[in-house]
Protein chains: 2
Amino acid sequence: MKETKLGEFEEVLLLLVGILGEEAYSFKVAEEFESQTKREVSIGAVHSTLNRLEEKGFLESEMGQATAERGGRRKRIYTITASGQRALETSRDFRVSLWSQFPAFATGKLNFD
Amino acid sequence: MKETKLGEFEEVLLLLVGILGEEAYSFKVAEEFESQTKREVSIGAVHSTLNRLEEKGFLESEMGQATAERGGRRKRIYTITASGQRALETSRDFRVSLWSQFPAFATGKLNFD
DNA sequence: AGTATTTCCTACTAAAAAGTAGAACAAATA
DNA sequence: TATTTGTTCTACTTTTTAGTAGGAAATACT
């Protein structure tokens, strides 16, 4: 099995997919990224990253149904896999652990049950 | 000014420098990395990463004094700059914010004052 | 049928991060 | 002074991540 690490951008996208739930399709993810970070991102970059995340087994996807909106292709809806969720948890736990050891941060209360 | 982002490994090393305080020299950082992650790392990788962090202005360093130990070259001691600390805070705040929006994580109490 | 709209997709490129190899240095001990 | 130990340092390569450009679908409206 490959040493599957998560880049910064990848991790954020993975989380955004989790946050968006049913609405997690690439255009929306890109929009959400921009609104949450104030950083611009190209749709292609989002696309290739979601692909990579799927290859790594952190995401899976299926085509959604057509909606009653103006027009447009069907959406591909992404969902986090168990492995993706585990990766996020591991990453979070590790970070929280480091923060709590860093004196300048250690005042915060870190409580994840 | 450049868009100075932090890679995953970079961020961890930066934090380790903060955690190690006076003891933050590259060999020690490498050791600490291995003990905290159970992942092996080469000293050279640590070195080039610390260099990069210094170039980015997140770390600064100076040579320490010789110690009374067995032998060995003087250590280069790293310290986090204000900018480095800000980068860590920004990264932390952003992550905490995303986690709290992710239903699967939102049960945790996130309290950083 | 034609057009506008929304979204996907792929192949490619660029940039950045991570890792390697191996030499060089400084100090203490023998 | 030779050896051992602990450590730095640099140039380079590899791998991974991020970003670009532009075309292709699919759907609804007219």
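Biologist: On the other side of H2(B), which residues are exposed?

Modeller: This is a predicted model, to begin with. In H2(B), B:Glu34 and B:Ser35 are the exposed ones on that other side.

Biologist: And which residues of H2(B) are buried?

Modeller: Those are B:Ser26, B:Val29, B:Ala30, B:Glu32 and B:Phe33. They sit on the same side of H2(B), because the arc they cover around the axis is only 165°.

Biologist: What do the buried residues of H2(B) pack against?

Modeller: They pack against H1, H3 and S2, which belong to chain B.

Biologist: How far apart are the end C-alpha atoms of H2(B)?

Modeller: They are 16 Å apart. H2(B) has 12 residues, and at 1.5 Å a residue these should span 16 Å, so the two values agree.

Biologist: What comes just after H2(B)?

Modeller: B:Lys38 does, with a positive phi of about 60°. This residue is not a glycine, and its place is the loop between H2 and H3 of chain B.

Biologist: Is B:Lys38 buried or exposed?

Modeller: B:Lys38 counts as exposed, because it has 7 C-beta neighbours inside 10 Å. The cut-off for exposed is 12 or fewer.

Biologist: What about A:Lys38, what is its phi?

Modeller: Phi of A:Lys38 is near 65°, again a positive value in a residue other than glycine. A:Lys38 lies in the H2 to H3 loop of chain A. It is exposed, since 7 other C-beta atoms lie within 10 Å.

Biologist: Now H3(B). Which of its residues are buried?

Modeller: B:Val46, B:Thr49, B:Leu50 and B:Leu53 are buried in H3(B). Their arc around the axis is only 100°, so they are on the same side of H3(B).

Biologist: Why would residues three or four places apart point the same way?

Modeller: An α-helix has 3.6 residues a turn, so residues with that spacing end up facing the same way.

Biologist: Which residues are exposed on the other side of H3(B)?

Modeller: B:Gly44, B:Ser48 and B:Glu55 are exposed there. The buried residues of H3(B) pack against H1, H2, strand S1 (59-63) and S2 of chain B.

Biologist: How many residues does H3(B) have, and what follows it?

Modeller: H3(B) has 13 residues, and its first and last C-alpha atoms are 18 Å apart, close to the expected 18 Å. B:Gly57 follows H3(B), and its phi is positive, near 85°.

Biologist: Changing topic: how many residues are in the largest nonpolar core?

Modeller: That core has 26 residues. Those with the most contacts inside it include B:Leu13, B:Val17, B:Val29 and B:Leu59. H1(B) gives the largest share, 7 residues.

Biologist: Which residues does B:Val17 touch?

Modeller: Leaving out residues up to four places away in sequence, B:Val17 touches B:Ala24, B:Val29, B:Leu59, B:Tyr78 and B:Ile80. There is also a second, separate core, with 25 residues, and among them are A:Leu15, A:Leu53, A:Ala87 and B:Trp99.

Biologist: Then the DNA. How many residues surround DNA strand C?

Modeller: DNA strand C is surrounded by 31 residues, and the closest are A:Gly72, B:Gly7, B:Phe9, B:Gly44 and B:Gly71. The residues of this surface divide into 7 nonpolar, 13 polar and 11 charged.

Biologist: Which helices each supply at least two residues of that surface?

Modeller: From chain A, helix H2 (26-37) and helix H3 (43-55) do, and from chain B, helix H1 (8-20) and helix H3 (43-55) do.

Biologist: Back to chain A as a whole. How many helices and strands does it have?

Modeller: Chain A has 4 helices and 3 strands. Along the sequence the pattern is α-α-α-β-β-α-β. Of the 113 residues in chain A, 30% are buried.

Biologist: Last one: where is A:Gly7, and is it exposed or partly exposed?

Modeller: A:Gly7 lies in the segment before helix H1 (8-20) of chain A. It counts as partly exposed because it has 13 C-beta neighbours inside 10 Å. A:Gly7 is 42 residues from A:Thr49 in sequence, and their C-alpha atoms are 9.8 Å apart in space.

How values were computed: Residues are numbered from 1 along each chain as its sequence is written. Chains are lettered from A and ligands numbered from 1 in the order in which they are written. This is a predicted model: local features need pLDDT of at least 70, side-chain atom pairs count only at pLDDT 80 or more; totals for chains, interfaces and linings use all residues. A residue is buried if 20 or more other C-beta atoms lie within 10 Å of its own, exposed if 12 or fewer, and partly exposed in between; C-beta atoms are placed from the backbone. A residue is near a molecule or strand if its C-beta atom, placed from the backbone, lies within 6 Å of it. Ala, Val, Leu, Ile, Met, Phe, Trp, Tyr, Cys and Pro count as nonpolar, Asp, Glu, Lys and Arg as charged, and the others, Gly among them, as polar. A nonpolar core is a set of buried Ala, Val, Leu, Ile, Met, Phe, Trp, Tyr and Cys residues joined through C-beta atoms within 7 Å. Two residues are in contact if their C-beta atoms, placed from the backbone, lie within 7 Å. The expected span of a helix is 1.5 Å times one less than its number of residues. The arc is that of the directions from the helix axis to the C-beta atoms.
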